[in-house]
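Here's a quick briefing to read with the model open beside you.

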Amino acid sequence: MNYKVPRGTQDILPGQSEKWQKVEEIIRQLCQVYRYQEIRTPIFEQTELFQRSVGDTTDIVQKEMYTFKDRGDRSLTLRPEGTAAVVRSYVEHKMFGQPDQPVKLSYIGPMFRYERQQAGRYRQFVQFGVEAIGSKDPAIDAEVIALAMDVYETAGLKNLKLVINSLGDADVRAAHRDALIKHFEPHIDDFCSDCQNRLEKNPLRILDCKVDRENPLMATAPALTDYLNEESAAYFEAVKKYLDVLGITYVVDPNLVRGLDYYNHTTFEIMSTATDLGAITTLCGGGRYNGLVEQIGGPESPGIGFAMSIERLLLALEAEGRSLDTDNALDMYIVAMDDQAKLKAVELASSFRAKGISTELDYASRKVKAQMKSADRLGAKWVIVLGESELEEQAANVKNMELGSQEKVPFHDLVNYLTKHKVQ
């Protein structure tokens with residue numbers, strides 16, 4: 001039988017996996033600098049967790065979740081996003097009782113959504129995200145956005161656009177909801193069935209529709225920013241001032257609503273403006289979710305976070321023609337001429353590796369010429385050839401492949417010699 005990778009998934013092969021490792025290294029270094037500690041949650045959760053937090057009217061819950069029954073007839077769902085699980089853990093482990101708030105958490109791992117596969121969109125995909133839970137200070141909103149921007153800029157991206165908006169509080173959302181219904185209701189039959197169902201349940205979701213995005217009524221829909229009350233407007237202004245202080249350029253888009261029901265107040269997206277990226281330009285999205293902790297059973301604990309696709313970050317780097325500085329260089333290749341030399345090669349390789357000197361040798365019983373070609377293909381910095389004379393002299397010629405020079409070094413001094421020259 002001809003087995004293939006499941007539709008909507010991918011194998012990340014050597015040569016590509018090093019790029020992932022480099023991105024993950026950048027992420028972990030920045031999270032340490034910003035003090036966002038890693039949290040690891042299960043890949044599946046109770047289905048109701050996502051229904052309650054993400055929202056029954058969202059595309060994720062209605063169309064995209066991988067839901068199944070376990071042997072105990074419990075409904076479980078592969079996580080389609082990371083925030084709900086992190087907030088569930090925050091409540092379950094009573095992190096709201098920690099003396100230092102907000103609790104700043106980060107995660108990276110696979111998510112699952114049943115979507116039509118295209119460049120940058122998979123059914124199993126990897127997201128990096130952060131959550132800062134326990135503060136309603138607008139400065140933390142700016143910090144979260146700054147961290148996301150730092151990841152992209154440290155990775156090497158230049159063509160970035162930050163778009164922000166305010167969704168206001170519950171009173172603002174209610175007033176805006178009524179205005180949206182009045183706006184769309186007379187012509188709702190011109191919209192898709194999803195939008196028709198959303199009109200009464202959650203009309204804000206209409207603005208996020210991918211099918212009717214070109215409908216003229218979308219452009220003339222009432223803007224949330226026009227309904228902001230004094231408190232919400234002041235909060236949004238404070239966020240913008242903090243972004244200004246940080247030197248972060250942004251564009252205010254009144255139609256930015258995001259696709260999840262738990263958002264309120266600050267919402268944002270980071271987009272790529274690279275011309276070669278294709279149809280999907282949004283790299284990262286996030287926002288504030290005051291009230292979500294209470295909805296999941298915890299005390300009042302305002303929060304904000306974001307999630308970014310690692311796949312899209314790598315696509316954006318490719319679109320800009322930028323490469324990650326991945327270090328996969330081979331230090332030493334040991335060529336063995338016979339079985340006795342092979343024994344010594346294995347012994348030396350172990351001593352080299354114990355000192356952090358990456359080492360390779362032949363395991364296919366190839367001739368010396370073939371082994372030298374392999375060393376060249378792998379880009380080995382040094383090569384030593386072991387044969388009868390080297391074993392008798394207990395020394396080997398260390399050849400510098402870049403310079404073409406070589407130096408005879410006793411076996412007992414090889415580790416010190418290589419360690420010294422590797423540092424140089």
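Domain bounds here come from an automatic or database domain assignment. That assignment gives domain 1 (16-169 + 229-320) and domain 2 (332-423), and their C-alpha centres lie 48 Å apart. This is a predicted model, where local features need pLDDT of at least 70, side-chain atom pairs count only at pLDDT 80 or more, and totals for chains, interfaces and linings use all residues. Residues are numbered from 1 along each chain as its sequence is written, and side-chain values use heavy atoms, with hydrogens and water left out.

- Most residues other than glycine have a negative phi, and most peptide bonds are trans.
- Glutamine 101 and proline 102 are joined by a cis peptide bond, with omega at about 5°.
- Proline 102 sits in the loop between α4 (83-92) and β5 (103-112); helices (H or I, at least four residues) and strands (E, at least two) are DSSP runs, numbered from the N terminus.
- Arginine 35 has a positive phi near 70° and belongs to the loop between α1 (17-34) and β1 (37-38).
- Serine 365, also not a glycine, has a positive phi of about 55°, and you'll find serine 365 in the loop between β13 (359-361) and α13 (368-377).

**Exposure**
- Exposed means over 50% relative accessible area, buried under 20%, and partly exposed in between (1.4 Å probe, protein chains only).
- Arginine 35 counts as exposed because its relative accessibility is 54%.
- Serine 365 is exposed too, at 70%.

**Helix α14**
- Glutamate 392 is in helix α14 (residues 388-393).
- With a relative accessible area of 59%, glutamate 392 is exposed.
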